[in-house]
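Please keep the sequence and the three-dimensional view at hand while reading.

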Amino acid sequence: MLTITQALHDQIVAHARKDHPDEACGVVAGPAGSDRPERFVPMLNAAMSPTFYEFDSGDLLKLYRELDDRDEEPVVIYHSHTATEAYPSRTDISYANEPGAHYVLVSTADTDGLGEFQFRSFRIQDGEITEEEVEVVAAY
């Protein structure tokens, strides 16, 4: 299960809405080994595409150096889907290289009639997708 604060949830959703119609992407870092998302790190979608996201390689290198310096790890890796449901695509699965991370997808397309967006979390390990419950809390 992913437990995330309302503030972080809202920041991810706001980033997805702001970058629409292009896909948004980013990371929520947390203390190494804690599984606790704490620090919101929006990233630039270098692909600038409504159907694909790609972290800028220089930004990604800078992020991983910063994570090392702060004894953090990527707890949540998020991106948006602008025209489809919030479910990992084949491309998303092929890029999922952090087996301990929660992969959050936000859909800014109303594909289910339940609202403007979906916020879902998945574990992706060895190409296997497992959806997990998301608990949004006021604070930890």
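This is a predicted model: local features need pLDDT of at least 70, side-chain atom pairs count only at pLDDT 80 or more; totals for chains, interfaces and linings use all residues.

Once the neighbours within four places in sequence are set aside, the residues in contact with Leu44 are Cys25, Glu54, Phe55, Asp56 and Asp59. Cys25 stands 19 residues away from Leu44 along the sequence, yet the C-alpha atoms of the two are 6.8 Å apart in space.

## Arg39 in strand S3

Arg39 belongs to strand S3. Is this residue buried or exposed? Arg39 has a relative accessible area of 18%, and since the limit for a buried residue is under 20%, Arg39 is classed as buried.

The side chain of Arg39 is joined to the side chain of Glu72 by a polar contact of 2.6 Å. Apart from neighbours within four places in sequence, Arg39 is in contact with Val27, Val28 and Ala29, with Glu66, Leu67 and Arg70, and also with Glu72.

## Strand S2 and its partners

Strand S2 covers residues 25-31 and is mostly covered, with six of its seven residues buried. S2 runs antiparallel to S3, to which five bridges join it, and in this pairing Val28 stands opposite Phe40 of S3.

S2 also pairs with S4, again in the antiparallel sense, over seven bridges. Here the bridge partner of Pro31 is Glu72 in S4, the residue whose side chain makes the polar contact with Arg39 described above. As a general point about strands, the side chains in a regular strand alternate between the two faces of the sheet.

## The two largest pockets

Rolling a probe the size of a water molecule over the atoms shows where empty space is left. The largest pocket holds about 260 Å³ of space, and 13 residues line it, of which Tyr53, Phe55, Leu60, Tyr95 and Asn97 are the closest to its centre. Phe55 is also one of the residues in contact with Leu44. Helix H2 and strand S4, residues 72-81, each supply at least two residues of this lining, and H2 gives the most, with three. By class, the lining of the largest pocket divides into 10 nonpolar residues, one polar and two charged.

The second largest pocket has a volume of about 160 Å³. It is lined by 13 residues, and those nearest its centre are Glu23, Thr51, Phe52, His81 and Ser89. The elements that give two or more residues to this lining are S4 and helix H3, residues 90-95. In the second largest pocket, the lining divides into four nonpolar residues, seven polar and two charged.

## The enclosed cavity

How many cavities of 30 Å³ or more does the structure hold? There is one cavity that reaches this size, and the volume of the largest cavity is about 40 Å³.

The residues that line the largest cavity are Tyr53, His79, Pro88, Asp92, Tyr103, Leu105 and Ile124. By class, this lining has five nonpolar residues, one polar and one charged. Tyr53, which lines the cavity, is also listed among the residues closest to the centre of the largest pocket.

Methods
Residues are numbered from 1 along each chain as its sequence is written. Side-chain values use heavy atoms; hydrogens and water are left out. Contact means heavy atoms within 4.5 Å. On a 1 Å grid over the protein atoms alone, a cavity is a set of points where a 1.4 Å probe fits but cannot get out, and a pocket is an open set with protein on both sides within 12 Å along at least five of seven lines; lining residues have an atom within 4 Å of a point. Grid points are joined across faces, edges and corners, and a volume is the space filled by probe spheres set on the points. Helices (H or I, at least four residues) and strands (E, at least two) are DSSP runs, numbered from the N terminus. Ala, Val, Leu, Ile, Met, Phe, Trp, Tyr, Cys and Pro count as nonpolar, Asp, Glu, Lys and Arg as charged, and the others, Gly among them, as polar. Buried means under 20% relative accessible area, exposed over 50%, partly exposed in between (1.4 Å probe, protein chains only). A polar contact is a pair of N or O atoms within 3.5 Å; within protein, one must be able to donate a hydrogen and the other to accept it, and residues adjacent in sequence count only if both atoms are side-chain atoms. Two strands pair if DSSP finds at least two bridges between them.
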